[in-house]
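Hi,

Here is the structure I promised to pass on to you. Please open it beside this message, and then read on for what was found in it.

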Amino acid sequence: MRLSTRDLVYIGVFGALWGVVEMTFGSLLHALNVPFSGAVLTGIGMTLALIGRLFVPKRGSVLLIGLVSAFLKMFSLGSIVVNPMIGIVTEALLAEIVLSAFGQPRRLSFLVAGMLALLWTFAQPFFTSGILGGQGLATVLGWTLQKGAKALGMLPSAVAAILALLIGIHLLIGGVAGVLAWDAGRAVRARLQPAERA
Amino acid sequence: MKGEKRGRGSLGAQRRLGTPGYLACLAFSLAASMLAPGWNVGVACVLSLALALAFYPAALRVLANGRLWLLVALLLAPACLLGGPPSWALGPLALSQPGLATGLQMGLRALAIVVGVAGFAASVPLSELAGLLERVGLKGLGFALGVAMNVLPVIHERATTAYQALQLRGGFRRQRLQALRLLLVTVVANSLRYADDIVSAAEARAFSLERSRPLPVAWRARDLALAGLLASIAVALAVVQ
């Protein structure tokens, strides 16, 4: 991967955009106790990172944007940042794997990358609390079901329905993020092109 | 000063270790708390707090954060109630002794990690972290991080201005999703215009990634000794039951 000065500056700027979203919207959404706030936040961040891929169409660019954003998050003092850092880096890595596998940026690759990244938001507690933290997968599944049942207004006993809905909502947010990134990225390019020509 | 080398941009006299020393402390806090079995995690947590007290006391401020203790309580409560056969009754609640032990170990693990990360973030300047990353092969990431740090306030200000302009023109009264998309496009386009100015400035100064030297990293003679000692303790904590 050979990156030019322009590529690096763009990576820094898109990382900063994701960082701004994490540091401002993140606190706001958690303070307002919005359901699926983590997924919404990841969706916005992933949209920005994927737009970044349109402007730096090289392997590893989304991962680097994620790393920059994660380090900015780490240095936003006064908050507990370990979980979001793991989340940001893993989501960026998953999106990068999908985009690299598809080769040239395409709407479909953006859609799949967004969906896979958002699926991690759902899976992360199982990894961090369940496996790394030692709480056990069953315990984390219980918390997920209780939280999901409350957010969806369902009974916790409807295990399969809650899990399917939770996964579906995360995939939907990821898909929207991917498609929005593709469309908005092209709109940004169209807006900047007259200036570039001049 | 003998036995000490410092790069530009270091925090100077108030730093008690070089950047590799702080990195060793962070690695110890993460590795020891993750790998230590059973109550060894208590020793890992005490050592992490002792490191913080000795080398980065500012990190201990995180212990005054209510959200940290809420996190610990959230780890402890379900484990106590659901973590095994009930051992004691606390009113209508049946508490489990193995669950309490698991919950306490989880809490200690979380404390060690949070203090370690907070200490590293409070002690190592971003420029040195960037230099460290460049030295381990992530060339260019340091430059990108520097750009990100510098553009952060500009992006924040421009995004706020774009949001307020859209709001004043009634952008969010109807077709809110369309307005959000427009806001996204505007913010990204503005940021990229600013990015082009940075690229022009860098090129005007003849900056090139191939010719650039990694940012300097401050290190001290005791860093290596501390790293070795902490690695040995982490291995002992992971192996000894």
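At 1.5 Å a residue, helix H4 of chain B (residues 97-123, 27 residues) should span 39 Å, and its end C-alpha atoms do lie 39 Å apart, so the two values agree. The expected span is 1.5 Å times one less than the number of residues. Helices here are DSSP runs of H or I with at least four residues, strands are runs of E with at least two, and both are numbered from the N terminus. H4(B) is mostly covered, with 21 of its 27 residues buried. Buried means that 20 or more other C-beta atoms lie within 10 Å of a residue's own, exposed means 12 or fewer, and partly exposed is in between, with C-beta atoms placed from the backbone.

Before you go further, please note that this is a predicted model: local features need pLDDT of at least 70, side-chain atom pairs count only at pLDDT 80 or more, and totals for chains, interfaces and linings use all residues. Residues are numbered from 1 along each chain as its sequence is written, while chains are lettered from A and ligands numbered from 1 in the order in which they are written.

Now the whole chain. Chain B has eight helices and four strands. Its radius of gyration is 24 Å, well over the 18 Å that the globule rule gives for 241 residues, so chain B is more spread out than a compact globule. That radius is taken over C-alpha atoms, and the rule is 2.2 Å times the number of residues to the power 0.38. Along its principal axes, the C-alpha trace of chain B spans about 65 × 65 × 30 Å, and 39% of its 241 residues count as buried.

How many residues of each chain take part in the contact between chain B and chain A? Chain B gives 44 residues and chain A gives 39; two residues are in contact if their C-beta atoms, placed from the backbone, lie within 7 Å. H7(B) gives the most to the side of chain B that touches chain A, with 12 residues.

Finally, find Arg61(B) in the loop between helix H2 (40-55) and helix H3 (66-82) of chain B. Arg61(B) is partly exposed, because 14 other C-beta atoms lie within 10 Å.

Enjoy exploring!
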